[in-house]
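Dear colleague,

I am handing over the structure below, followed by some notes on what was found in it. Please read them alongside the coordinates.

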Amino acid sequence: MANIYLSPDPYHHAFPETLDLRRFDSAKHPTAGMSFTSSDDRVFLETMKSSTPAARIPRWRSRLRHAWLIKVNDTLITSIEDVRCALRLLEQSKDKSCILLFSHPEIKHGLTNDGIPQINLDQLNNRLLLRPSGDDLLHSLPELQYQGINKHGGVYVQDENDIEDVLNLTTQVMKLTRSKLFKQDDWDDWQQSEWLQMDQYEKQFMFGTPVPMDSIKDADKNSFRLVWTYLQKILDGRKKARCTMDGSARNGKVRVLGHTYANCVDHSGARIFYGSSAAEGLTVFGSDVSNAFGEAPPPKQGANIIPDRAFHQWWTKHKGMPRIPPGYVVPVQRAMQGHPESPRLWEKFIDGILQSLGLVPTVHEPCLYHGVIEGKRILFLRQVDDFACAAPDQRTADILLDMIDEKLSMPIKRMGPVTLFNGFDVDQTKYYVKISVESYITRICEKHLESWMKNTVIKDRPLPLPSTKDFMKDLLAAVGDPDPKLQAKLAKAMEASYRNLVGEMTYAMITCRPDISFATVKCAQANAAPAEIHYRAAKHCLRYLYATRSDGIYFWRPQPLDHLPDKGAPPILSNPNDLLPLGRRPHEAYDLHAFTDADWAACPKTRRSFTGICLRLAGGTVAYKTKFQPTVAMSSTESEFMAAGDAGKMLLYARSILYDLLIPQEAASLIYEDNDAATAMANAGKPTSRTRHMDVRYFAICDWVERDL
């Protein structure tokens, strides 16, 4: 007979566990091998050490991990010290066992702690409830702040039996912890990297004088632990320790009084920056701000840090200061990385500096600026703490960076002419500026070259997708089996994770590889349940990327810059007849224009059409879009007209940025469309009897044509 457990109250369901104390020794394991975290007077079980009494509890990993420990026998638990004291008393009384009362801090749908399928009453219709209404149930929910430590892909490691042990953030890439490094022969080098990080903070006046926690109002709500991350640079072998504040929701102490959103430059905005720099004959110079957040003022509500062992050692051994007494916290006097408000505070701080120096941001891309330094025009791009300055010469860029330096406590690192910035490979030559992702493609393909890409031989230049007769037809019609076991078997046979393949393609596509847009979108549609043909398509696209990894977008200069290297013109890969059709005038470097097309009823499953849009400036692509149209078009004219409407919106966005950069588009921007009927509809400015069913928003392009935008 099949059983099912109907839970009347899933939010407070507690369950007991028996802990065998016959081999318990408080001197070895004060908590019987259990490791906890605490938040809001609650203690949560994280793990259990092997060969300890607690590790003998059956199936503790699946049932007890992240559970809330409520009581030990009849003793109410509110802290880790309460656990130690309760178990110590049981040891003194020579009890052979005790009862641990647990409860999960969040709703766990699916199975009870005994493995029986569970249905919670809040999942049922209100009229089927055994209570008056579901609203009563929802109002009775406790406020739970705790969240799983693996939510963002990182694991926080700390010895809970040692209150001064540091909190380490480890990921799949960075697995170093302080306890492991301490046992290595090069520990002195790692400790020097810790002290270097703390010395940088001290130069920024990050830390105040330690004070008792009891003397600060609401200190328990704004006192944070430190998180340490350790890594070693691949290029030079340099050891680096990074110290941040644990301001995540998992900590349970985040109280945000200000805004947290901070702008980042969009990829289209970055391409407009490089295109405008080439059109104006400028050279792009890079720079970086060390510990950028530490330059900004502290959060509104204030913040304190709880010193850990690494902080204590820096404070006493390196600075020579007296040891900080227990129960003391250190006030934070600047915006420290890890607090939710810090990115926003840094953005407001640096934006104020740049505007005070005469730089003016654009409206739709606040990270793009223009200005005049000593009579010479410059463009400026800000990506968090990385700066790119497009100037006529190095001296002009250095003058601007010197002016910024005067308002910062840490000197800016000067990188010279940009070669790698924010994921772009930048090649600045006499005649053009080229952006690509060659370094990224080479790096992601290293692991593939050892497996499924090992024996790849490419003789001729490939296409993003196979060009065989029936491949595209089979790809469009293919449907994968959603069975997890079959998907795992297929992934093992194909020697790759499908989502990883598509993710690697996606980054290259959105950065500066519009040539793989269609292939990437088609592959991404099968993320949930790919078939074998989807794997073949994704692998073919990655082989294409690797074979063409040096390809990129070229922005041409109107006049050559003699101080830059002459690397010659790139090879022409297009058909000569497609380069400049008769009757089309060549565009000037500052002339923004667009190309658009639509593949009518391209999807055999939904019969929706496919839109392709490309915006060009200075001979290179600055913005592009490849997507399925949201509705089914009843004719090719309708699909082309909808694509032209989307192209018009993208043009207005790019024109507004160029206008703010003082590169106005005096004439109307041309949209090249190969459907005569769609062109006639846009120019005529009125719908016909065959287009009255179309959404009004697509006819906005008629108004834009009328206004010569």
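Leaving aside residues up to four places away in sequence, Lys434 touches Asp425, Val426, Asp427, Ser550, Asp551, Gly552, Ile553 and Tyr554, where contact means heavy atoms within 4.5 Å. The model is a predicted one, in which local features need pLDDT of at least 70 and side-chain atom pairs count only at pLDDT 80 or more, while totals for chains, interfaces and linings use all residues. Residues are numbered from 1 along each chain as its sequence is written, and side-chain values use heavy atoms, with hydrogens and water left out.

Lys434 belongs to strand 26, residues 432–436 (strands are DSSP runs of E with at least two residues, helices runs of H or I with at least four, both numbered from the N terminus). Lys434 is buried but has no salt bridge, the nearest side chain of opposite charge being Glu438 at 5.1 Å; buried means under 20% relative accessible area with a 1.4 Å probe, protein chains only, and a salt bridge requires a side-chain nitrogen of Lys or Arg within 4 Å of a carboxyl oxygen of Asp or Glu. A polar atom of the Lys434 side chain does, however, lie 2.4 Å from the backbone oxygen of Ser550.

Elsewhere, 4 strands make an open sheet of mixed pairing, in the order 30-29-28-31, where two strands pair if DSSP finds at least two bridges between them. Strand 30 (620–628) and strand 31 (671–673) each have a single partner strand, so one side of each has no neighbour in the sheet. Strand 29 (residues 610–617) pairs with strand 30 in the antiparallel sense over 8 bridges, and Cys614 has Tyr624 of strand 30 as its bridge partner.

Best regards

Terms used
Buried < 20%, exposed > 50% of the residue type's maximum accessible area, 1.4 Å probe, protein only. Lys, Arg positive; Asp, Glu negative; His and termini not counted. Polar contact = N/O pair within 3.5 Å; in protein donor to acceptor, adjacent residues only side chain to side chain.
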